[in-house]
Amino acid sequence: LGALVCDMEAETIPASDPGILENLKLCPVLTGAQQDALNAVLLAGGTAYGDPSSWDLQTLESLGPLVLALNQTTLRLV
């Protein structure tokens, strides 16, 4: 899908393969709803990044620009 995910409806993000996060890194801006969906996917822990409570500096660096979309709920677990 590449950068096409940038136009994806937020409801589609949690229903997609967790690998979609790599494509979301290509988006210059995520809507608030897309950010909420991204956090829901990350909080579920079923991604390559694992559960946020297990993240370290390397994980945050791997998330790249998605770090800017993390909400307080996700960040508190790190």
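How many helices and strands does the protein have? And which residues does a disulfide join?

Modeller: This is a predicted model, in which local features need pLDDT of at least 70 and side-chain atom pairs count only at pLDDT 80 or more, while totals for chains, interfaces and linings use all residues. Residues are numbered from 1 along each chain as its sequence is written, and side-chain values use heavy atoms, with hydrogens and water left out.

The protein has five helices and zero strands; both kinds of element are DSSP runs, numbered from the N terminus, with helices (H or I) of at least four residues and strands (E) of at least two. Along the sequence the pattern is therefore α-α-α-α-α.

Now the part itself. Counting cysteine sulfur atoms within 2.5 Å as a disulfide, the protein has one. That disulfide joins Cys 6 to Cys 27, with 2.2 Å from S to S. Cys 6 sits in the segment before helix H1 (12–15), and Cys 27 lies in the loop between helix H2 (20–24) and helix H3 (32–44). The two are 21 residues apart, so the pair links distant parts of the chain. The torsion about their S-S bond is about -105°, which means that the disulfide is left-handed.

Both Cys 6 and Cys 27 are buried, that is, under 20% relative accessible area with a 1.4 Å probe, protein chains only. In the protein, 35% of the 78 residues are buried. As for the overall size, the C-alpha atoms fill a box of roughly 30 × 20 × 20 Å along the principal axes.

Note on methods. Buried means under 20% relative accessible area, exposed over 50%, partly exposed in between (1.4 Å probe, protein chains only).
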